[in-house]
Structures are given as C-alpha cells and as structure tokens.
Amino acid sequence: MTRVRITYTSDMWWKTAVIYCLDVETFLDWNDDGIGDLAGLAQRLDYLADLGVTCVWLMPFFPTPDRDDGYDIIDFYGVDHRLGSVGDLVEVIRTAKDRGMRVIADLVVNHTSDQHPWFQSARSSPDSPFRDFYVWADEPPQDAQAEPVFPDQESSVWTYDEKAGQYYLHRFYKHQPDLNVSNPKVRDEVAKILGYWLQLGLSGFRVDAVPFFVETLGVQNADEAVPDPHLNLRHLRAFLSRRSGEAILLGEVNLPHADQLKFFGGPDGDELHMQFDFIGMQALYLSLARADARPLIKALQDRPRPSADVQWAGFVRNHDELTLDKLSDSERQEVFAAFGPEAEMQVYGRGLIRRLPPMLGGDPRRIRMVYSLLFCLPGTPVLFYGEEIGMGENLSAGSRLAVRTPMQWAAEENAGFSRASAAKLPGQIPTGAYGSEFVNVASQQTDPDSLLNFITLLTRTYRHCPELGWGSFEVLSQPHRAVLAHRCTWDDGSLVAVHNLGRDGVAVPLDLGELEPGTTLVDLLEGWSITPDDNGKCELTLEGYGYSWLRVNTPTTRRLR
Ligand code: NOJ
Ligand code: CA
C-alpha cells in the first residue's frame, strides 16, 4: 500500500491549501488614519495562522485612483501610499512565511487605470510608443457582441477619447482601458511584473478577468497577430514556473465548466494551476434555496477532472457580487426570492450583494453546514475575510461595497479596526444583529462554540484529509433529495461526507461496498464512530442541516483521524 507522497505533495502545496482573501485597506488600521495598512496586516498574521490559513491572497495594493477598489492600477511596481510601502509588504511576506503561510496577490493585467502613464501617453498621440498598448478603433466595431461587465454603469465597451481622437476598448469601467495583449511589448511588460513580485517573495497570483485578458476583441487582424490566444497564457505560465517552481496562477474564469477546461491548458496543465468554481458555487445556492442537493451534485459530477496537475478552488462568497449569471432566469429568480428578495440586495440583474449569514437568516446550523461543505468538497477552499466570524453586509454601502466593510475585530469603537473617526473609514461597519457588538473576533476566540472555532476545526480537519485536495470523487447514492453523500479517496485514505441541506432530520443509508474487515467510520468533527456491517452498509442519522465527515478507518490506515 502506498503512503502519502510527501515530496510531490509539498511541491504542489496549493492542492491542499486554505486560501484567505483580504483587502489590506479594510483589514486593520495600525497608524490610525482610518485606512487599513500593511503594518496592521502584519499584526494579524498570527491570527490567520491560528485560523489554519496557509495562503493569504491580497487584493490589489498597488497605487490607484481607487475607482474600482484598487482594480484600477497606475503603477504595477508599487504599493499605494495609504497602505504602506513596498518594504512593509516585504515584511508581511517574510513574516507570513515564518508562520507557514504563503502570500499571493491579484494580477490585474487585462486593463490599467486611465491614469496609468501608459494610457496618458497612448492617448496623447498616435505616435506614442504606448499607443499600441491599448485597443483603439475609429468607429466602435458594429459586429461586437461584447457586453460591458457592469451594465448599470457602462452602456458600451467602447468609449471615445477626445484627446486620442479614437475609441478605446474597456471591458469594465470606462476608466479601465483594456491592454492590447496582441502586442508583444505588453506581454513582456506583464511578464516583468510577475517576475518583479516573485522576486520580492510572492508565491503566485490570483489572475483577474482571465478570459478578457486572453481575448483579442477589437484587435486589428487578430487572427494573424494572435493565432492562438491561449498561447500567451501558456507562455506566461512557462515564464512563471521558470522563475519560481512553487508559484501558482489562480484564475478568475467565470465560464461554463467545458470552457474553463481550456484555461487549464493541455493534458499536463500548462496554463492556470487553479480556477475558481463559479458554476459549483452558483449550483450550491440553487441547492440551498431548494433544499435539494441535486443541482450541486450535477455541477460536481459534470465538473471536468482534467489531471492531478490542476485544481478547482471552491468558495461560498467573494469580494464581488454573488453572481448567479450561469443559472437560468427562473433558477436565478428562485435564489433571489430565497436569499435576496429586495431590489436593494440585487445588482446587475445577475447577483446578490449579501454575505452568507444574513442570507440564511442567521441560522447557525445552516451556516455551519455550508462551510462544512466548502471544506469537504474536492478542491482547495477559499475564504473571504470575515466569513470565519460570520460577518454580515452593509446594504446601504451599495453594490459590491456592501461586503467590503472593515474587519470586525472587537466589540469596540469602529469594531477595533481603527481608532480614527468613523467618517475616515473605508466603509461603514454594519449595525444591528451583525454589528461588532455581536460579531467580532475577540469574543469568538474565547467562545468554544463560536463560528470562528468551528471554521478553525474545519481548516485543521481539511489539512488532515489530503484526499480532499488530491483524491477521486464519487457521489454515494442514497434516497434523500436534500442530502449530498460523497466520498473522496486517495492513496490509503478515504473520507465519506454527508450533508443535509434540508431542515428535517434524516436517516441516511450508506453503502460503501467492500471494506477491509474491522473498518469503522470515525466522525472527524465530533469523534464518535459507527461500524458498517460485513457488506459495507450502515445508517447515519443527521439532524436538519446536519453534516458528518467520516474517516474510513481500516485496520491498516495510518491516517490521523
Ligand atoms: C474582477 C474583480 O474581481 C472585480 O472586483 C473587478 O472590478 C474586475 N475584475 C475588474 O478588474
Ligand atoms: Ca492606516
């Protein structure tokens, strides 16, 4: 029997990582100017390590006019002065590594800010050396089917620039002109940016808007200039891996699974190492709304499993709207009705701007069941800051800002985030049931039954179950629509997990097939065990919204339970 292949698995650390996304600006303000900063983050790295985080994903920290929360960059080589300096960032990376955590950051190279010197030069003259860094047209192409990503803000992906005397392409806001990836000079600049940050210690990147970065919309003679747009991504990946063997590209690709497959590259995975599973996430919400696991099961079963060299990243919420764009209109309406019926909770006609706990009516059993699922579905789990303590949203902040409020550290003024006056904060902390007097880190740290301690248990247990990151996945048949029972197996380890999405208790018959004599099923979260009969059959009783992670413990298994 083979044992865990330690060398190989530690090279591919990201297959079993616990990733935590945060925005420095909203995490902790250390110099009391009201804005979160790198010095504040440095103070909380031990908190993240205790939580079981192994990889911190920093949202954009670069110099920015901040008209899209930092996704509008004016200098790819700097740190915005409000957050600190490049030196402060290096200290964060260094300290994180000391605590066993890697740091990755957003790579936003589909576009720049219109204030970026490249665009300022490009628009000033057709002869500018940077003119071809962007995509220009005398008239917006008529055949363009392209829709702007923010339809309530922009009516077209083409905007006329008086100074340039031409239209320029922008998939997102008009202040974010798209870079022209058919230009080899742009590709060289992108590689240089990667190389720079790897040299300073980053372990990779969350790559923003990958399909738009790869596409050649509006590029003249695109077929000749870029016969295979994915080649650019492959070259970038090769460059990254030459510079750093541990570095990853975790891509934002919100496309149907079959289309996502291309972004992993060839059979050995030579493009993105990981992609977020937007389809699985949307199916999860439909399943929750219906108390019917089948949409989620279908999404998981249909999800390609290309090779062991790539990975899916699961998430429940991120910093954007909870997009439901890949559901049918009627499915989306079902989720809206269940979790965000008011117009002020919805955005762009496709998404919700709420965090999970308020959507689930604050029901702790249901919230825990969802996070239990996040951690024990196959793949790498990604948390968004504040999820571990059950933070709510601030609807009055509006749109995507509703979930980007300051981290709630304590039941203090400004939630312990800053000692500046509240008016100087980057967002208003929610009041009421999700205010900091009820939801904060300090009180949950000392409460053994808190969500924070539960999520810590999940991260620890996930780390003890490499079959979740590495293994095969199978859905176990059982009779309840509300239940998902699945099994992940890898090397000598096998884990069975059962989740009840319904409010009523159920008795779930499990058939595990042939088992080694003496096998028991040990619940990893609570410690009890059951023994299947000689045919591998047993029955598991779950309460409403109950869940169980069962280690298949054979007499020869050496796994820590
Ligand atoms: C995707 C990011 O997640 C989002 O926050 C941003 O506005 C767009 N890309 C544009 O960079
Ligand atoms: Ca500050």
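Begin by selecting Arg82 and Asp66, which form a salt bridge whose closest N and O atoms are 3.5 Å apart; the term denotes a side-chain nitrogen of Lys or Arg within 4 Å of a carboxyl oxygen of Asp or Glu. The model is predicted, with pLDDT of at least 70 needed for local features and 80 or more for side-chain atom pairs, whereas totals for chains, interfaces and linings use all residues. Residues are numbered from 1 along each chain as its sequence is written, chains are lettered from A and ligands numbered from 1 in the order in which they are written, and side-chain values use heavy atoms, with hydrogens and water left out.

Arg82 and Asp66 both lie in the loop between β2 (55-58) and α4 (86-98), so the pair ties together parts that are 16 residues apart in sequence. Helices (H or I, at least four residues) and strands (E, at least two) are DSSP runs, numbered from the N terminus. Arg82 is partly exposed at 21% relative accessible area, and Asp66 is partly exposed at 27%. Here buried means under 20% relative accessible area, exposed means over 50%, and partly exposed lies in between (1.4 Å probe, protein chains only).

Next, select Arg99 and Asp98, whose side chains meet in a salt bridge of 2.6 Å, N to O. Arg99 is partly exposed, with a relative accessible area of 33%, while Asp98 counts as exposed at 58%.

Move on to Arg350 and Glu321, where the salt bridge is 2.9 Å, N to O. Arg350 belongs to the loop between β12 (346-347) and β13 (351-352), and Glu321 to the loop between β10 (311-315) and β11 (322-323), so this pair ties together parts that are 29 residues apart in sequence. Both Arg350 and Glu321 are buried.

Then select Asp68, Asp69, Asp320, Arg400 and Arg404 together: a network of salt bridges links these residues. The count of salt bridges comes to 31.

Asp33 counts as partly exposed at 30% relative accessibility, whereas Ile35 counts as buried at 15%.
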